Amino acid sequence: MKKQALEQNTGDAAKTGRPLMEEIRRLKRKVARLEKAEMERGRAEAARRESEEKYRTLIESTGDLIFIVNEKGIYTYVNPQFERATGYSVRDLIGQPFTFLVAPEHIESTIRRFRKGIRGEYTLPYDAHLVHRNGEKIPVEFLVTTQYDATGRAVGRFGIGRDITERKRAEEILRQQSRQLRILSARLTEAEESERKRIARELHDQVGQNLTVVGINLSIVRSKLPAEEMKMLRARLEDSMVLVEEITEFTRGLMSDLRPPDMDILGLVASIGWFAERFSMRTGVDVVVEGEEIQPRPNPDVENNVFRIAQEVLNNVAKHARARRVGIRIEACDAILRVVITDDGIGFDPSRVRRMEEQGGWGIMTMTERAESIGGRFVLESEPGKGTCVTLEVPL
Ligand SMILES: Nc1ncnc2c1ncn2[C@@H]1O[C@H](COP(=O)(O)OP(=O)(O)O)[C@@H](O)[C@H]1O
Ligand SMILES: [Mg+2]
């Protein structure tokens with residue numbers, strides 16, 4: 001009975017003995033192969049699910065706005081971040097055109113960019129405002145790329161948007177602060193200028209004139225003193241007269257440092273020449289000034305600022321450069337007034353000065369401000385061991 005069944009099972013091929021064993025082995029191998037393939041498929045499926053999960057978590061937990069629009073500009077995917085940023089649910093947005101969220105003033109440019117992208121052209125990252133459900137505008141930085149199907153046809157756009165409210169706010173604060181700093185620094189320059197004038201006037205009116213009177217009085221005393229008293233007091237008297245003269249000289253020097261010479265009469269080049277000469281006498285540094293008086297005369301504001309800048313450049317040479325020689329070239333060419341001042345001193349690394357400004361080196365900053373206040377620019381070039389060259393250019 002058993003044998004019969006077996007014979008029936010093996011069918012008409014009537015396989016028995018060795019061929020049957022062969023067949024069983026073949027089937028076993030096949031089953032093993034199938035099992036292995038099935039296992040691999042399972043593993044691949046698990047890996048795919050895991051990786052999908054990973055990307056979903058990434059896309060859904062990022063702070064950025066991630067979206068896909070089809071070739072008609074309709075949202076087919078938006079990540080949950082949209083809900084937080086715009087107040088609309090993911091369901092509200094899917095099926096809407098992307099312009100639904102864009103602020104009116106940016107719709108046209110955004111559509112233009114979308115069409116360009118769909119045509120296969122590259123589009124740069126850009127900023128645009130989205131409108132929150134509550135009407136508030138949100139500045140967003142977008143990076144959008146076109147998606148293609150296997151045949152190379154554009155099927156939509158994939159984008160990442162980043163809420164840059166904080167960045168914009170920080171930028172605005174920075175802009176305001178630097179505007180305030182500029183105003184402050186201009187005021188400071190102005191205040192310095194008027195304070196200098198005031199001190200010079202006081203020196204002239206009070207100290208200078210009183211010194212003159214003291215000098216005259218001393219001469220009178222000297223001429224009127226009887227001979228025997230004169231003997232006793234002569235040395236003191238003469239000493240005092242010399243002191244008065246020295247103080248007068250010193251005050252005069254101080255005054256002319258404080259107040260530019262009468263530029264109206266002298267002209268800019270001569271005024272710089274006059275200051276350079278005094279500077280040379282005071283410091284022993286050789287200064288050569290080249291250039292003709294500028295015709296027609298620049299306006300007084302330009303002349304005054306250029307003079308002050310030249311003065312500060314020379315003061316820096318005296319303070320820091322250890323130079324032997326300074327060259328100043330002043331020329332007007334193509335409606336640009338150019339002043340170039342070079343020294344052969346020790347030089348320095350200008351990139352280090354920016355940090356020092358915080359500690360007080362106001363000179364370079366003030367010169368830059370002065371140049372900008374008359375529409376010009378101030379450029380300082382220097383290198384340790386190579387001297388310093390300052391170029392000032394002002395449109396006339
Ligand atoms: N001609 C120069 N030669 C060498 N160093 C200079 C020269 N001019 C400026 N510096 C450097 O730049 C710094 C900043 O100059 P400045 O802003 O005028 O400030 P301050 O003169 O008050 O130090 C100086 O402290 C000095 O180190
Ligand atoms: Mg200085």
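In which sense do β3 and β4 pair, and over how many bridges? In this predicted model, the two strands pair in the antiparallel sense, over 6 bridges. One of the residue pairs involved joins V131 to K137, the latter lying in β4. Helix α6, residues 165–224, packs on the sheet and touches β3, β4 and β5 (154–163). The direction of α6 makes about 130 degrees with that of β4.

The sheet that holds β3 and β4 is open and consists of 5 strands in the order β2-β1-β5-β4-β3, with antiparallel pairing. Its edges are formed by β2 (75–78) and β3, each of which pairs on one side only. From one strand to the next, the twist averages 35 degrees.

The structure holds 2 cavities of 30 Å³ or more, and the volume of the largest cavity is about 170 Å³. The lining of the largest cavity comprises 13 residues, and those nearest its centre are F67, F98, T110, Y126 and V144. At least two lining residues come from each of β1 (65–70), α5 (104–118), β3 (126–131) and β4 (137–148).

A further open sheet is built from 5 strands in the order β6-β7-β8-β10-β9, and its pairing is mixed. Strands β6 (286–290) and β9 (377–382) each have a single partner strand and stand at the edges, so one side of each is left without a neighbour in the sheet. With direction ignored, neighbouring strands of this sheet are turned by 10 degrees against each other on average.

Within this sheet, β7 (residues 325–333) pairs with β8 (residues 336–343) in the antiparallel sense over 8 bridges. V326 has D343, in β8, as its bridge partner. Helix α9, which spans residues 268–283, packs on the sheet and touches β6, β7 and β8. The direction of α9 makes about 170 degrees with that of β6. Helix α10, residues 300–321, also packs on the sheet, where its contacts are with β7, β8, β9 and β10 (388–395). The direction of α10 makes about 10 degrees with that of β8.

The magnesium ion (ligand 2) is coordinated by E312 through OE and by N316 through OD1, at 2.0 to 2.2 Å. Both E312 and N316 lie in α10 and are 4 residues apart, about one turn of the helix. The relative accessible area of E312 is 22%, so this residue is classed as partly exposed. N316 has a relative accessible area of 18% and is therefore classed as buried, the limit for that class being under 20%.

Two or more lining residues are given by each of α10, α11 (350–357), α12 (362–373) and β10. The most is given by α10, with 8 residues. Helix α10 thus packs on the sheet, holds both E312 and N316, and gives the most to the lining of the largest pocket.

Definitions and conventions. Residues are numbered from 1 along each chain as its sequence is written. Chains are lettered from A and ligands numbered from 1 in the order in which they are written. This is a predicted model: local features need pLDDT of at least 70, side-chain atom pairs count only at pLDDT 80 or more; totals for chains, interfaces and linings use all residues. Side-chain values use heavy atoms; hydrogens and water are left out. Two strands pair if DSSP finds at least two bridges between them. Axes are lines fitted to C-alpha atoms, for helices over the stretch in contact, and angles run from 0 to 180 degrees between N-to-C directions. Contact means heavy atoms within 4.5 Å. Donors are N, O and S atoms within 2.8 Å of the metal (3.2 Å for Na, K and Ca); water is not among the atoms, so sites may look incomplete. Buried means under 20% relative accessible area, exposed over 50%, partly exposed in between (1.4 Å probe, protein chains only). On a 1 Å grid over the protein atoms alone, a cavity is a set of points where a 1.4 Å probe fits but cannot get out, and a pocket is an open set with protein on both sides within 12 Å along at least five of seven lines; lining residues have an atom within 4 Å of a point. Grid points are joined across faces, edges and corners, and a volume is the space filled by probe spheres set on the points.
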